Amino acid sequence: MNWDTERNRLPLCRTETYLMSAAAGILHPDALEVSKNFLDQLHQQGDKCWELNVVAMDEVRVLAAQLLNSKPEEICFVSSSSMAFSLAAQLLKNKGHRKFFSFREEFPTSTLPFINAGLEPEFATTDGFSHDWNQILKSHDEKSPIVLSSVESLTGFSHPIEVVNSFASEKGVPLLVNATQSLGVIPLDASKIPFVCASIHKWLMSGFGLSIFKVRQDYLDDPLPVYGWLSQKDPWKFFEHKVEPLREARVFELGCPALLQIFSLGAVLKWIQKMGGVSAIWSRVKELVEYTYSRSIELGLSPRHLFPTENRSSLIFFPVNDVGAAEKSLADQGIYVSARSENLRVAIHWYNNKDDIDRFLAAYSKLIK
Ligand SMILES: Cc1ncc(COP(=O)(O)O)c(C=O)c1O
């Protein structure tokens, strides 16, 4: 794997220090190429390629399923993770759920859709970076579905998702994972997880406007929360006006799909496979993450949280007084990080390198002196 060669394909990385992938990743060059070709096709050929495009879209579904170690029938593409969890909230209600369990530190995509659907939130009494799931689940009422992010966007804590899922299975409650801050950088085996969503604009480097949504087929009960002509088993039976839904996740792809985003994602998923999978990406990123922690400590700097190695992610937070001014001052020096609460959030992807980290740490250390 030659990461330097791949990094060199990203013009932004040649001139600046981009540590903002937790906000949005740089669009991958393969996604750019595929998008341009697709727009060119629409321009030159109109709708002549519809059937070919539908086949190509299903190939992306297979790649997305492989990424999650799940079945293609469990995968659909929706407009955002907020949309995915809004659908999930209604499916939980269909099954009789009236509450959900989560953390106060969660990103609102993982809480508001459920609250809006009338599910009562039951927040853990421990903080969002506890490891002891026996302790965490003391405040769980035994029946509530568990909703959490694989990596918390406001702390960087990486939850032991497989452990959480075995607790959830033991209790017979569904687990809903928002993998937006990890899918594409940290491997996730979602084979036994009933619900997963992940927006594609961050670690999957595929641009805005799409989320991969995994939903297990036994949750697709009537009445389905939303419906369209492409939800039908046979969408070409136009004039019967009788609801006959597919029992696959793609029932939620109601009408003509967001092919540009889907093909963009497909190009990145192929590239990821070529590079050795997400585990190869994570090996590289983990090394950079550990470098960041150890260099900061050598320089007498203190990241906000020092989580155990197994709970570290590609997000690291550094405290500052005036976070807005600090973010701007770094941007003026060509170093891009995100201001979040009282911290600068540094997000490390495979296209970063040790020079990026050194540049950030040198500038940060001047800032806080
Ligand atoms: C954990 C997490 N979930 C979801 C989102 C947003 O997802 P969407 O805009 O697709 O709803 C973000 C950030 O934008 C996030 O950090």
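Helices (H or I, at least four residues) and strands (E, at least two) are DSSP runs, numbered from the N terminus. The model is predicted, so local features need pLDDT of at least 70 and side-chain atom pairs pLDDT 80 or more, while totals for chains, interfaces and linings use all residues. Residues are numbered from 1 along each chain as its sequence is written, and side-chain values use heavy atoms, without hydrogens or water.

The protein holds 12 helices and 12 strands. Its radius of gyration is 21 Å, close to the 21 Å that the globule rule gives for 369 residues, so the protein is as compact as a globular protein of that length. This radius is taken over C-alpha atoms, and the rule is 2.2 Å times the number of residues to the power 0.38. Along its principal axes the C-alpha trace spans about 70 × 60 × 35 Å. Of the 369 residues, 54% count as buried. Buried means under 20% relative accessible area, exposed over 50%, and partly exposed in between (1.4 Å probe, protein chains only).

A nonpolar core is a set of buried Ala, Val, Leu, Ile, Met, Phe, Trp, Tyr and Cys residues joined through side-chain atoms within 4.5 Å. The largest has 89 residues, of which Phe77, Ile212 and Phe360 touch the most other members. Helix α10 (residues 278–298) gives the largest share of this core, nine residues. Beyond its neighbours within four places in sequence, Phe360 is in contact (heavy atoms within 4.5 Å) with Leu19, Phe318, Leu330, Ile335, Val337, Leu344 and Val346. A second, separate core of 26 residues includes Phe85, Ala88, Cys197 and Phe252.

Strand β2 (residues 75–78) is covered on both faces. Ile75 and Phe77 are buried on one side, Cys76 and Val78 on the other. In a regular strand the side chains alternate between the two faces of the sheet. β2 pairs with strand β8 (residues 211–215) in the antiparallel sense over four bridges; pairing requires that DSSP find at least two bridges between two strands. Cys76 stands opposite Phe213 in β8.

Most residues other than glycine have a negative phi, and most peptide bonds are trans. Met205, in the loop between β7 (195–199) and β8, has a positive phi of about 50°. Met205 is buried, with a relative accessible area of 2%. His241 lies in the loop between β8 and α9, and its phi is near 55°. His241 is exposed, with a relative accessible area of 72%. Pro223 is also found in the loop between β8 and α9 (259–274). The peptide bond from Asp222 to Pro223 is cis, with omega near -5°.
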